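Trainee: Please take one part of this model and go through it closely. I would like a single connected account.

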2 protein chains.
Amino acid sequence: MQFQQLLYFVAVAETRHFTRAAERVHVSQPSLSQQIRALESELGAELFSRARGNIGLTEAGAALLPLARRILADADTARLEVQELAQLRRGRVRLGATPSLCTGLLPEVLRVFHDRHPGIRLLIEEGGSHDLVRQLARGALDLALIVLPLPPGSPALTTVELLQEDLVVVSAAAGKAPRRPVRIADLRDQPLVMFRHGYDLRELTVAACRAAGFEPGFTVEGGEMDAVLGFVRAGLGMAVVPSMVADRAGPGFRVTPLAGPGLRRTIALAHRSDVAPPRAARELQRVLLESRSL
Amino acid sequence: MQFQQLLYFVAVAETRHFTRAAERVHVSQPSLSQQIRALESELGAELFSRARGNIGLTEAGAALLPLARRILADADTARLEVQELAQLRRGRVRLGATPSLCTGLLPEVLRVFHDRHPGIRLLIEEGGSHDLVRQLARGALDLALIVLPLPPGSPALTTVELLQEDLVVVSAAAGKAPRRPVRIADLRDQPLVMFRHGYDLRELTVAACRAAGFEPGFTVEGGEMDAVLGFVRAGLGMAVVPSMVADRAGPGFRVTPLAGPGLRRTIALAHRSDVAPPRAARELQRVLLESRSL
DNA sequence: ATCCACGATAGGCGTAGCCTATGGAGATCA
DNA sequence: TGATCTCCATAGGCTACGCCTATCGTGGAT
């Protein structure tokens with residue numbers, strides 16, 4: 001049984017005419033006749049009663065017709081569905097990102113992407129780089145924005161550097177924070193507000209303090225980015241955050257750059273190396289990389 | 001898109017393994033790979049993520065899978081249905097027969113047929129030969145038991161002689177009917193009970209009387225075979241009926257053969273010449289012809 | 001480092017499906 | 001009745017596709 005045989009069969013059943021059916025399906029009449037014969041022979045029953053000038057369905061033909069129609073319709077549906085997925089009219093992308101990027105970079109980029117491909121659902125997984133890497137490997141994410149370098153022992157991921165961001169110190173506008181760049185060492189004995197475990201920023205900041213020779217102390221600890229900023233504005237202490245976040249934090253903050261080499265972190269796009277990401281994920285990756293040059 | 005491509009696709013989706021899928025569908029692994037590629041290329045999307053040792057469906061593949069399954073299931077159903085029809089496990093025969101045959105020949109033959117093919121519905125149309133011929137031509141009947149010769153101007157029908165039956169005179173057992181064969185001419189001035197219009201027996205009997213030089217008169221006229229026999233038994237008159245019917249009529253009747261050439265009629269099976277009857281009808285025809293030799 | 005498992009690639013073969021040309025059998029009309 | 005027309009079936013040839021075997025390439029395991 002072949003699709004074109006069913007197609008020809010339906011055409012003959014509907015036109016009650018071999019020649020006209022052949023025209024309708026764009027094959028020569030003998031080819032159509034031959035295929036109908038082949039179908040009949042395979043099924044072991046005549047499908048049409050071939051009376052001169054009055055072609056009609058046999059019982060077997062009548063039984064086959066609705067099934068043939070449904071099979072052809074399903075095949076069309078299949079083509080359409082897959083095409084829509086391929087053409088980004090439908091689908092989804094599962095994107096992982098660190099909390100700071102979720103508030104900083106993503107909103108604008110996702111808006112652009114959504115405007116271009118309104119049919120694609122965007123599923124955002126907010127988490128630390130470490131968790132994101134694991135989820136990528138598991139196939140639970142298509143794409144993730146992570147902080148380089150990858151933790152040691154990571155599965156095979158392909159990464160593309162997206163941007164580097166400087167870390168800055170934010171404090172309450174009414175506070176006593178200096179305006180000139182500060183060194184990490186200057187943070188010794190300063191009240192600090194710190195993110196919950198899981199934020200790469202936490203590990204990075206703590207490591208920097210230790211490198212400068214002191215163990216930081218936290219007046220408040222835990223909470224997401226917004227909470228931390230709130231604590232800072234309330235005067236509970238300072239915090240080290242990406243400059244991008246600090247810039248958007250609004251009034252009530254004093255932003256102080258870090259002196260010397262400062263602190264930077266490299267944000268990269270990552271996906272599994274062994275599997276090409278879905279079409280929609282590749283497109284989102286493109287949009288993300290494109291956003292870099294804006 | 002081809003059926004075997006969908007079959008291979010489902011096999012790979014279910015085994016998550018090209019080599020094992022190839023074994024399952026009994027083709028070589030390269031052939032299967034090639035067909036999957038062809039399908040992917042036609043649909044314009046990858047269907048599988050080919051990670052080492054972990055073949056998985058892409059979104060497109062996931063969208064296709066249920067449709068592919070349904071298409072294949074429908075194809076199987078189609079094969080099965082048509083085969084059941086062809087193998088006489090299902091279906092119907094529309095058989096036309098004259099009233100006398102319905103009561104005489106048919107019950108036994110239909111019982112035999114039904115025992116052999118319990119899935120076939122038997123639709124019996126009782127009517128005069130003339131009507132039956134018209135219904136055959138219209139395609140409303142597959143097969144009919146008619147009286148030969150065909151009326152002039154009949155459409156193209158193929159007939160097979162089935163049997164010849166003698167006509168006899170039945171009368172009430174208590175009546176004065178002679179026991180020796182009678183001639184048609186002897187029926188002059190005898191009270192006759194006659195079938196309704198439409199019975200071929202009526203035309204035949206009346207024609208025979210006229211040929212013998214008289215116009216028959218009827219004491220009762222109309223009614224089906226059973227009614228006529230009832231009138232005869234009640235002593236209302238005699239009737240000319242097929243010997244087969246007379247034999248089964250039971251007690252209360254005297255059966256008198258007709259002398260000389262007598263009256264015979266030829267019963268034949270008829271079907272349209274331009275269309276082969278359905279499988280089930282051909283089978284019924286076979287059983288009918290077979291019954292002749294019993 | 002070597003081997004193994006597994007999917008991809010290459011090349012050859014047979015046939016299935018399509019084409020054009022033609023046959024043959026009912027309808028139709030002069 | 002015969003000529004023509006219509007329409008499906010048949011014949012023969014060509015191409016392309018699907019299948020095969022043999023081999024390669026590459027990750028993962030020993």
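Mentor: Beyond its neighbours within four places in sequence, A:Ala68 is in contact (heavy atoms within 4.5 Å) with A:Leu6, A:Phe9 and A:Val10. A:Ala68 lies in helix H4 of chain A, residues 59–86. Helices here are DSSP runs of H or I of at least four residues, strands are E runs of at least two, and both are numbered from the N terminus. A:Ala68 has 0% relative accessibility, so it counts as buried; the cut-offs are under 20% for buried, over 50% for exposed and partly exposed in between, with a 1.4 Å probe and protein chains only. A:Phe3 is 65 residues away from A:Ala68 in sequence, yet their C-alpha atoms are 8.8 Å apart.

This is a predicted model: local features need pLDDT of at least 70, side-chain atom pairs count only at pLDDT 80 or more, and totals for chains, interfaces and linings use all residues. Residues are numbered from 1 along each chain as its sequence is written, chains are lettered from A and ligands numbered from 1 in the order written, and side-chain values use heavy atoms, without hydrogens and water.

Now the interface. Chain B gives 35 residues to the contact and chain A gives 34. The rule finds 4 salt bridges across it, a salt bridge being a Lys or Arg side-chain nitrogen within 4 Å of an Asp or Glu carboxyl oxygen. B:Arg70 and A:Asp74 form a salt bridge through their side chains, at 2.7 Å from N to O. On the side of chain B that touches chain A, H4(B) supplies the largest share, 17 residues.
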